[in-house]
Amino acid sequence: MAERRVRVRFAPSPTGPLHIGGVRTALYNYLFAKQHGGDLIFRIEDTDSNRFVPGAEDYIIESFKWLGIKFDEGVSFGGDHGPYRQSERRDIYKKYVQQLLDTDKAYIAFDTPEELDAKRAEIANFQYDAQTRGLMRNSLTLAKEEVDKLIAEGHQYVVRFKIEPGRDVLVNDIIRGEVSINSSILDDKVLYKSADELPTYHLANIVDDHLMEVSHVIRGEEWLPSAPLHVLLYEAFGWADTMPRFAHLPLLLKPVGNGKLSKRDGDKLGFPVFPLEWHDPKSGEISSGYREKGYLPEAVVNFLALLGWNPGTEQEVLSMEELIKLFDLSKCSKAGAKFDYVKGIWFNHQYLLKQEDMDWTPAFDKLLKENGVDSTPEKEAQVVSMMKQKVVEYTDTLSGQTKKRNISFVSDLWPLTKFFFVAPDSFDKEDKFIKKNWKENAAADMSELADVLETVTDFTVEGMKAVVDVWAEQNEKKPWNPWRVCLVGAGQGPDMYELAAFLGKEETLNRMRYAIKVLG
């Protein structure tokens, strides 16, 4: 028997923005498919029309485009197994609903919501199953003529899966091993609703996975309880031989405390839980996104890949090609993975440093323009080269303390680089750096240094060093920190020769004379 081609799918619902947990599920499907030379299918689960949110589908597609996760077929990508939007597959599902009814694997139920509520009040822990179905209004308890009459009169109904009790259902999971569930604890799930002529998740996914020849179902741990039902459905259709392998991924957990990662955690601690910024069309609420926060897509992919899986080596920074080569579903953790958003910032720092200086300039130029500065990409790249290894202060959201970290976003640059483009117009004489370094002889030394710099014809780093170093040594001067006060107005910045060369002779001397005048 020929080995089956690997075909996996990612099937989100267009009910809002794509959660970062969904991004990781799609990424793992992508890595698995590419590693095995297989296909990744993009399917839209829109059978619940009441929860549809305009714009959500386009948002999901744009998110994956930004992340570099490419689909081989599906909605907006084409393919031979369409349509790939479940709302466009009504007639296909009806055929399989009828097959289950004809083979006594399912039955029609007419119970109203009020009748179901009454039964729940009457029977503790009520569920619709082999023990209670005989008490309800369905095609197992009503005569065929009565069933036909109710349908003809337009009464709404559902089709329920008929689960036989007392059987151990085995699910062979790639990550969790063999999982056994007794069918007696399963309820007769609704597979189809006449109200909208659409199937529920359970039926639609089984039919779609079979017809689209899906070989592996890689999804979140929250779907593990549904796996026994899906095994039984495959058997009921006679498709047991083509049943896909299951792999249920560990949950993404809160950074602090217990439970599943939520948007509230991100809002509280100041990190996104969506790949792109999301504008809620109903409430108008804007939720932050990794792209708009300044994360690089490669960094997000690398960060997510290592939440719940690791390659078994010390290497952390891994390209997409390396991830595809190393990925192994069997090495995924069974336990949930804490969402270490601080590590995500570290990854972004690593990937920023891998970029060429000129690659920073589009975002840096936008940042400068927002602060009223016009510059050139060449100048901006020079600043990046001088400052990208610096550290930035930030307020830790958990402790409220001021801490330091490496530059991890282009947006970190403005407070560290403002002086390159805007001369200091005031000096805080109580500032520790200024107080320590602007002594009573500082103004005289800076006047003397300005006179020396006036004589420099080659205002490059090398040209200045050749003259200033000699002057400083002969006159036993240490002008570097007072000079920094003049040009920066604070104790930060690059090498002074690099800064002066960037500013140019005229600007350097103007700043020095202004500082001498103001500070005295």
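Strands pair if DSSP finds at least two bridges between them. Strands here are DSSP runs of E with at least two residues, and helices are runs of H or I with at least four, numbered from the N terminus. A hairpin of three residues connects β6 to β7.

This is a predicted model, in which local features need pLDDT of at least 70, side-chain atom pairs count only at pLDDT 80 or more, and totals for chains, interfaces and linings use all residues. Residues are numbered from 1 along each chain as its sequence is written, and side-chain values use heavy atoms, with hydrogens and water left out.

**Sheets**

Three strands form an open parallel sheet in the order β1-β2-β3. Its edge strands are β1 (7-10) and β3 (73-74), each pairing on one side only. F10 stands opposite F42 in β2. Helix α1 (residues 20-35) lies across β1 and β2, at about 165° to β1. Such angles run from 0 to 180 degrees between N-to-C directions, with axes as lines fitted to C-alpha atoms, for helices over the stretch in contact.

An open sheet of four strands has the order β4-β5-β8-β9, with antiparallel pairing. β4 (106-109) and β9 (198-199) each have a single partner strand, so one side of each is left without a neighbour in the sheet. I108 stands opposite V159 in β5. Helix α3 (residues 90-102) packs on this sheet and touches β4, β5, β8 and β9. Its direction makes about 105° with that of β4.

| Pair | Sense | Bridges |
|---|---|---|
| β1 and β2 (residues 39-42) | parallel | four bridges |
| β4 and β5 (residues 158-161) | antiparallel | four bridges |

**Cores**

The largest nonpolar core has 152 residues. A nonpolar core is a set of buried Ala, Val, Leu, Ile, Met, Phe, Trp, Tyr and Cys residues joined through side-chain atoms within 4.5 Å. Buried means under 20% relative accessible area, exposed over 50%, and partly exposed in between (1.4 Å probe, protein chains only). F64, F339, W438, L453, W483 and M512 have the most contacts inside this core. Helix α1 gives the largest share, nine residues. Beyond four places in sequence, M512 is in contact (heavy atoms within 4.5 Å) with residues including M446, L453 and W483. A second, separate core of seven residues includes L116, Y128, M136 and V158.

**Domains**

The domain assignment, automatic or from a database, gives domain 1 (89-213), domain 2 (361-421) and domain 3 (432-519). The C-alpha centres of domain 2 and domain 3 lie 24 Å apart. Eleven residues of domain 2 are in contact with ten residues of domain 3. About 860 Å² is buried between them, 65% of it from carbon and sulfur atoms. Buried area is the accessible area (1.4 Å probe) that two parts lose on being put together, summed over both. M386, F419 and F420 together account for 64% of what the domain 2 side buries.

**Backbone**

A cis peptide bond joins G82 and P83, with omega about 0°. P83 is found in the loop between β3 and α3. S76 lies in the loop between β3 and α3. Its phi is positive, about 75°, although S76 is not a glycine. S76 is exposed, at 56% relative accessible area. E476 has a positive phi near 50° and counts as exposed at 73%.
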